[in-house]
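Here is a short report on one chain of a model. Read it with the structure open beside the text.

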Amino acid sequence: MMKIEKVEELYDRLDYAIDSFTNESIGRSEFNKIIEELNKNEFGIKIDANLMPENRESFNETGLVSYPYDDESSYSY
Amino acid sequence: MLVVGSKALNYHFPDLKREVKDIDIIGTKDDIKYLINTLNPESIRDTENITTLFNIQNPNEFFNTRNVEILNADNSEALSEYIKLNDYKLENGVKYASPYILLSLKKSHIHFPIKFEKHIQDYNFLLNILKEDKLQRITKINFKETEKRVGELKTPSLKKSTMNFFGQSEGYVKYFYIHDDIHQVMSHYDRPIYEDMQVDSSSAWCEKDMWNKFSFEKKAKCVLEEAYVIALERKIIPMLNGCGELISSKKAFDWSIMRICTTLCSGWFRQFATDNYVEIVKYYNSDYVKKFLKSETDGLIKKQKHMNNI
């Protein structure tokens, strides 16, 4: 397998793990275990599981929607 | 008193089966007083523009949710205009705002990234059925009122870590990529679509007349190219360089297209993206990050070193 294919495969597994955690199909400990496993890769790529935000609610976890808005309200009042 | 939100949407379009978490009302101060007395909420949050009744103690056949939100028409020119239109369906003494009012309300809020995923689906649904916003004048007033209240979006501060997908980190040296190269790699055709909107390639200015000549598919792909580039530059590359939060490729894409529809872009480009969101995302290529990784390995994307001030 070529290097790029291995890197793509590593990315796929990381992407899937992030997606699973975001969709709440796996918990924090399982997520951390997957990352630990991924960190054994041959490229020396180190993934910091702590950079996975705890708050998984859509968009808010990306940290960008930070201006004042009411969490309970559908309206921007 | 006018019923809006998901309760009104469900009334007009029952097949939609929209989940009604709370009931939204446009009302006057007198309506607010009446509803507080009638519904007897456990607690109330009262602001200049909205009154929220929490955990209502006297629910009935209509008010059957825990919470009720009343948008105060006395403090809003746009909301009082919606009431004055007398454009509603009356059933059992309840006035349900017309679909045109619902579309106008959605349109006036849609460029503010608040529960965007939920609102954009409703907005596209209503626009698809009604074809146009007949209440454009009120929509504009409501948009201005919202803008005045909400203010500007803040940008995030990036975090640090040791992760680096593109070779070992050299101290604090990180790699950054040439923007135009990323655009080229994310192109659907032989060059980025936005270039077909430029009279002068040395200027970032895009011509609306040239855009108007594009087919729907080309416009959709143009939005997608922007979305991939933004997702890569703002989310995926910082993550792969170890200085951004972990985020899936799909979430990064959803976030970037939300930003295109809200606060990152403006004018006709944003309007097209917003009006056709549901159709555009159907063209999503889930392998866009892998396409980037392969192009990076193949040397198709030039990178430059950048010294962080850490």
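Start at B:R149, which sits in helix α6 of chain B. This is a predicted model. B:R149 is partly exposed, because its relative accessible area is 26%, and the band for that class runs between 20% and 50%.

**Helix α6 and its neighbours**

Helix α6 of chain B covers residues 136–150. Its 15 residues span 21 Å from the first C-alpha to the last, close to the 21 Å expected at 1.5 Å a residue. The buried residues of α6(B) are B:I138, B:T139, B:I141, B:N142, B:F143, B:E145, B:T146 and B:V150. What do these buried residues of α6(B) pack against? They pack against three helices of chain B: α3 (77–84), α4 (99–109) and α11 (267–275).

An α-helix has 3.6 residues a turn, so residues three or four places apart point the same way.

**Aromatic pairs**

Over all chains, the count comes to 18 aromatic pairs. One of them joins B:F112 and B:F143 in a tilted arrangement, with 5.4 Å centre to centre and 40° between the planes. B:F112 lies in the loop between α4 and α5 (116–130) of chain B, while B:F143 belongs to helix α6 of chain B, so the pair ties together parts that are 31 residues apart in sequence. B:F112 counts as buried, because its relative accessibility is 7%.

B:Y228 and B:Y284 form another tilted pair, at 6.5 Å centre to centre and 40° between the planes. B:Y228 is in helix α9 of chain B, and B:Y284 is in the loop between α12 (277–280) and α13 (288–297) of chain B. This pair therefore ties together parts that are 56 residues apart in sequence. B:Y228 is buried, with a relative accessible area of 3%. B:Y284 also counts as buried, at 17% relative accessibility.

Ring pairs also build a cluster from B:W211, B:F214, B:F216, B:W268, B:F269 and B:F272.

**The nonpolar core**

The largest nonpolar core has 103 residues. Which of its residues touch the most other members? They are A:F31, B:I236 and B:Y288. Helix α9 (residues 216–240) of chain B supplies the largest share of this core, 14 residues.

Leaving out residues up to four places away in sequence, B:Y288 touches B:M186, B:Y228, B:A231, B:L232, B:I236, B:S249, B:A252 and B:F253. In soluble globular proteins, nonpolar side chains tend to be buried together.

Strand β4 (residues 50–56) of chain B is mostly covered, with six of its seven residues buried. Strand β3 (residues 41–46) of chain B pairs with β4(B) in the antiparallel sense over five bridges. The two form a hairpin with three residues between them. In this pairing, B:P41 stands opposite B:I56 in β4(B).

β4(B) also runs antiparallel to strand β5 (residues 67–72) of chain B, and four bridges join them. Here B:T52 stands opposite B:E69 in β5(B).

**Two asparagines with positive phi**

Most residues other than glycine have a negative phi. B:N86 has a positive one, near 50°. So where is B:N92, and is it buried or exposed? B:N92 lies in the loop between β6 and β7 (94–97) of chain B, and it is exposed. Its phi is positive too, near 50°. B:N86 lies in the loop between α3 and β6 (88–91) of chain B.

| Residue | Phi | Relative accessible area |
|---|---|---|
| B:N86 | near 50° | 53%, exposed |
| B:N92 | near 50° | 76%, exposed |

B:S6 lies in helix α1 (residues 5–12) of chain B. It counts as buried because its relative accessibility is 9%, and the cut-off is under 20%. Beyond its neighbours within four places in sequence, B:S6 is in contact with B:R18, B:E19, B:V20, B:K21, B:D22 and B:D24.

**Chain B as a whole**

Chain B has 13 helices and nine strands. Of its 310 residues, 53% are buried. Among contacts between residues at least 6 apart in sequence, 66% join residues at least 24 apart. Chain B exposes about 15200 Å², and carbon and sulfur atoms supply 48% of that area.

Notes
Residues numbered from 1 in each chain as written. Chains lettered and ligands numbered in written order. Predicted model: local features only at pLDDT ≥ 70, side-chain atom pairs only at ≥ 80, totals over all residues. Heavy atoms only, no water. Expected span 1.5 Å × (residues − 1). Buried < 20%, exposed > 50% of the residue type's maximum accessible area, 1.4 Å probe, protein only. Contact = heavy atoms within 4.5 Å. Core = buried A, V, L, I, M, F, W, Y, C linked by side-chain atoms within 4.5 Å. Areas by Shrake-Rupley, 256 points an atom, 1.4 Å probe, with all protein chains shown as cover. Pairing = 2+ DSSP bridges. Phe/Tyr/Trp six-rings, centres within 6.5 Å; stacked < 30°, edge-to-face > 60°.
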